[in-house]
Amino acid sequence: SKLYVEEENKEVFREQRSKREKGEDSPYEIVITHKNGNKIQVSVSPKPVYDKNGRYIGSIATFTDITDRKKAEERLKESEEQYRLLIETMNEGLGMVDNKGIRTFVNRKFCEMTGYMKEELVGYPASKLYVEEENKKVFQEQRIKREKGEDSPYEIVITHKNGNKIQVLVSPKPVYDKEGRYVGSIAIFTDITDRKKAEEKL
């Protein structure tokens, strides 16, 4: 226990000693204090040791330094939180669909634009918002273009939950897995209803 300075790590060490005596050998993580005072996060893979009569006499373990990995995980988590904040506070709608046309993600602005809650959109066909045949047709044509790798912006009319029509500019990007297979698309939706009305007046 000399290496486990903090009380929480001393407690983990005591618990793990007790588990070894019971024959348990599941890996666990703990913080070790280096002689210079630095903290080292390690993954411990233990094995109880018995004498020839089957009596527990101690344990052997391999210690893997995972300090850098844990720091990388923390940086990734912070980065993900920053991206999540950016996505949820952006002034344009953002949505994702899989290769079957099912919505897998929408941000807060997209919900505001359409009048639906996330729970009413995620897991449902993206075509749910395209009521008129002409817009259903545009959506299907665009799905095919994403599968071919095309990503040109296009305009379409979304039907709000209250029945109002919203004209949007869609800026799509196909998404691929690490093997290069098409798995869906992500798109930014910009409400251009007011702009289109102004153009019509002109």
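1. F189 is buried at 4% relative accessibility. Here buried means under 20% relative accessible area, exposed means over 50%, and partly exposed lies in between, with a 1.4 Å probe and protein chains only. This is a predicted model, in which local features need pLDDT of at least 70, side-chain atom pairs count only at pLDDT 80 or more, and totals for chains, interfaces and linings use all residues. Residues are numbered from 1 along each chain as its sequence is written, and side-chain values use heavy atoms, with hydrogens and water left out.

2. The largest nonpolar core has 19 residues. A nonpolar core is a set of buried Ala, Val, Leu, Ile, Met, Phe, Trp, Tyr and Cys residues joined through side-chain atoms within 4.5 Å. F189 is among those with the most contacts inside this core, along with L121, I156, V168 and V170. Two or more residues come from each of α3 (108–114), β6 (154–159), β7 (165–176) and β8 (182–191). Helices (H or I, at least four residues) and strands (E, at least two) are DSSP runs, numbered from the N terminus. A second, separate core has seven residues, including Y4, I40, V42 and V44.

3. L121 touches R103, V106, F110, C111, T114, Y116 and L129, leaving out residues up to four places away in sequence. Contact means heavy atoms within 4.5 Å.

4. The count of aromatic pairs comes to four. Rings of Phe, Tyr and Trp (its six-membered ring) pair if their centres lie within 6.5 Å; planes under 30 degrees apart are stacked, over 60 edge-to-face, and the rest tilted. Y50 and Y56 form an edge-to-face pair, 6.3 Å centre to centre with 70° between the planes. Y50 is partly exposed at 40% relative accessibility, and Y56 is partly exposed at 28%. F110 and F189 are also edge-to-face, at 4.9 Å and 75°. F110 sits in helix α3 and F189 in strand β8, so this pair ties together parts 79 residues apart in sequence. F110 is buried, with a relative accessible area of 0%.

5. The structure holds one cavity of 30 Å³ or more. On a 1 Å grid over the protein atoms alone, a cavity is a set of points where a 1.4 Å probe fits but cannot get out; a pocket is an open set with protein on both sides within 12 Å along at least five of seven lines; lining residues have an atom within 4 Å of a point. Grid points are joined across faces, edges and corners, and a volume is the space filled by probe spheres set on the points. The cavity is lined by 17 residues, with V97, F139, Y154, S185 and A187 nearest its centre. β4, α5 (133–147), β7 and β8 each supply at least two lining residues.

6. The largest pocket has a volume of about 170 Å³. Its lining includes Y4, F13, R17, V44 and Y56. α1 (7–21), β2 (39–50) and β3 (56–65) each give two or more residues to this lining.

7. I102 lies in the loop between β4 (93–98) and β5 (103–106). I102 is partly exposed, with a relative accessible area of 24%. Beyond its neighbours within four places in sequence, I102 contacts M96, V97, G123, Y124, P125 and A126. I102 and K128 are 26 residues apart in sequence and 9.7 Å apart in space, C-alpha to C-alpha.
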